[in-house]
Amino acid sequence: MSLGRLLRRASSKASDLLTFNPGAGGSSLRSGLDGEIIFSKNNVCVHPAEPLPGLAEHHPGYLCVHVEKDESLGTTLILTWVPNSRIQRQDEEALRYITPESSPVRRNARRRGRRPHSRPPAVAQEEEEDEERSLTTGEEGDEGSCELSDEVSRDSTMGSDSDTFSSPFCLSPVSEALCESSGSVFLDNESRSLCEESMTHSASSASSLDSHAPSENSGQSQVVRWEEQQKVLALEQLCGVFRVDLGHMRSLRLFFSDEACTSGQLVIASRESQYKILHFHHAGLDKLAEVFQQWKCCRETQLKDQETAVKDVSDEKSCMQFSIQRPTLPSAETHPEEKLYRRLDVTTWLRHLNQNGQVEEEYKLRKAIFFGGIDPSIRGEVWPFLLHYYSYDSTSQEREAWRLQKRTHYHDIQQRRLSMSPEEHSEFWRKVQFTVDKDVVRTDRSNHFFRGENNPNVEIMRRILLNYAVFNPDMGYCQGMSDLVAPLLTEIQDESDTFWCFVGLMENTIFISSPRDEDMERQLMYLRELLRLMQPRFHQHLTRLGEDGLQLLFCHRWILLCFKREFPDTEALRMWEACWAHYQTDYFHLFLCVAIIVLYGEDVTEQQLATDQMLLHFSNLSMHMNGELVLRKARSLLYQFRLLPRIPCSLHDLCKLCGPGMWDSRYIPTVECSGEHPDSQSCPYGGSKTRDIFTFRKQS
């Protein structure tokens, strides 16, 4: 039986099992045979946590889930993911994870990298073609087939003689530091020995290459070999066989990314705070969700039946959290004006301008941007208004004259930098230029605008940052500024205009990368108070953790880098625009922080995560959260905050706005003193001295 046919049979069996009756208490799963495959899906991807030079973004593989009888847990599920590149080679060690012992594929599987030299080349080629046909037979779209779509098969870049199994969980650098010795529960001993053996083989191969390297090019060759070894190690970490007992995991989270709720991500978290994220780009996640729901029901029934017998086991191993996050919010949790505005395109933008090019109603424009965002084609024209480079009441002619004036000013700043004395330049290099030169070459290099060697746009970004340090020596340069300049330059595409928009970002908005500790502490104080009002359970957990918990370490990067490392660029820039609109508050970024915690922080409170585990939880969700969902939730939270009849004086500044339109006569809240003014006996905001617990009124 060909492998493709075998996988299609597994998929057919999975489809039969997925027609269960949810009210049956998981009976079909409980009666499943030991080792029976109940779900299978090809082209399930893993992605690098960060873009790696020379490596593809998508690494597709075959995923299957089979039933296993466990003495302590009863029925458990084993999830296995095998990269497509290993299946294409009919790799024996890889195939043993997804095929039964009696399968002819298992008995006749080809050893990795071993080809008898006695076969004529023509025969070998014919056999290779037969094996390829066995992998690609079957109907298109069959979830259990091993047919690879052109889109993802090209991304499978593991070499043909790779012999390694990955560590099952892709760890962030923080995870590696905290969980060095926690990987032993994820692979069996045989797999681990294979991994160690293959790593030894890789090291010896590298040594062999070193011994034969040409002496005249030894330095350059060593660098090239080191880079190649790093790529191999990255692939070994990312694209090896992954196999795990779901019954021993801490949590399973399904995040749907489409309105039909068929595609998205499966996030598996171990008890050692290791994370594995599997991407379903081609549907199938909804059916896996049904399998997990049935299994959850089955486990709950088993625990009730065996409550006395397995009490110790249930306390230790049966607290697995399972949740599904859909890309929609209940109508009661959305802003009432949520669907009234579309993205600001060229036609809509021109309607906001009069015949002289002036913005007629600034407030309406900012409101439209807050809800709908800006079409990328006109960001270069609209962003300068939001960043206070252009005045809303300026005419087209006035703006053009202003641009010429600011261009001359920018040229003067650059000349000041270039005409420094040797002593001044030496100090400037030590304090500023050294760090800038190091940062710009690694900022947004996956973006086509900055991609490639000797890209002139990288040099432009470098000049902007160096000139800003001359323009504002008190601020100078801080790491993270390059992350803010890069999107501005990408959209505006003019050096002088980008520079002055960056100046406006740093001077006229609160949503900035600030080097001052007092600024950051003020932001965190506001955020703690918002959490106390809107998420009291989460705030109570932080309070129990003490000073470390109240420092909110997990959200420092959110604020300092404006969510740029948490969401893809398209979603992060939408958040920037909503914040720059200053609609109803100058602190919308803090409502975005609260929205992330509301949507993705359930694990923290359910499992009482410690500070370091909380940091790992949110950092491993980076680039896997739904930005549009977070935006909608944040707008809803702002709307509810605005309706509060009274607020603590500690949040008084959230009611102030750099422009018109925050509080009208119906919604002016009563300010009550929080009682925390160590340097003043009376409340500086005139709040009454009642120390009540503020409860956040939910929408009905």
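Visitor: What should I know about the model before we start?

Guide: It is predicted, so local features need pLDDT of at least 70 and side-chain atom pairs count only at pLDDT 80 or more, while totals for chains, interfaces and linings use all residues. Residues are numbered from 1 along each chain as its sequence is written, and side-chain values use heavy atoms, with hydrogens and water left out.

Visitor: How many helices and strands does the protein have, and what makes something a helix or a strand?

Guide: The protein has 29 helices and 10 strands. Both are DSSP runs numbered from the N terminus: helices are H or I with at least four residues, and strands are E with at least two.

Visitor: What share of the residues counts as buried?

Guide: Of the 700 residues, 53% are buried. Buried means under 20% relative accessible area, exposed means over 50%, and partly exposed is in between (1.4 Å probe, protein chains only).

Visitor: Why is the pair of Phe 499 and Trp 500 called edge-to-face?

Guide: The structure holds 28 aromatic pairs. In this one, the ring centres are 4.9 Å apart and the planes stand at 85°, so the pair is edge-to-face. The rule is that rings of Phe, Tyr and Trp (its six-membered ring) pair if their centres lie within 6.5 Å; planes under 30 degrees apart are stacked, over 60 edge-to-face, and the rest tilted. Both Phe 499 and Trp 500 are buried.

Visitor: Why does the pair of Phe 591 and Phe 641 tie together parts that are 50 residues apart in sequence?

Guide: Phe 591 belongs to helix H26 (residues 588-600) and Phe 641 to helix H29 (residues 627-642), so their pairing links those parts. With centres 5.6 Å apart and planes at 65°, this pair is also edge-to-face. Phe 591 has 0% relative accessibility, so it counts as buried; Phe 641, at 1%, counts as buried too.

Visitor: Which residues do ring pairs link into a cluster?

Guide: They are Tyr 341, Tyr 363, Phe 370, Phe 371, Tyr 583 and Phe 588.

Visitor: How do you know that Lys 276 lies over the face of Phe 242?

Guide: Lys 276 is 5.2 Å from the ring centre. A charge sits over a ring if NZ of Lys or CZ of Arg is within 6 Å of the ring centre and within 35 degrees of the ring normal. The charged end of Arg 399 likewise sits over the ring of Tyr 390, 5.9 Å from its centre.

Visitor: What makes helix H18 largely enclosed?

Guide: 12 of its 16 residues are buried, so the rest of the structure largely encloses H18. Among the buried ones are Ile 460, Met 461, Leu 465 and Tyr 468. The cover includes helix H16 (396-418), helix H17 (422-440), helix H19 (481-492) and helix H20 (495-508).

Visitor: What do the buried residues of H16 pack against?

Guide: They pack against helix H15 (379-386), H17, H18 and H20. One of these buried residues is Arg 399.

Visitor: Which residues is Thr 498 in contact with?

Guide: Thr 498 is in helix H20. Leaving aside neighbours within four places in sequence, its contacts (heavy atoms within 4.5 Å) are Ile 464, Val 485, Leu 488, Leu 489, Ile 492 and Gln 493. Its relative accessible area is 0%, so Thr 498 is buried.

Visitor: Why is strand S3 described as largely enclosed?

Guide: 10 of the 10 residues of S3 (residues 74-83) are buried, so the rest of the structure largely encloses it. S3 pairs with strand S4 (residues 242-245) in the antiparallel sense over 4 bridges, and strands pair if DSSP finds at least two bridges between them.

Visitor: Is Gln 608 buried, exposed or partly exposed?

Guide: Gln 608 has a relative accessible area of 41%, so it is partly exposed. It lies in the loop between helix H27 (602-606) and helix H28 (611-619).
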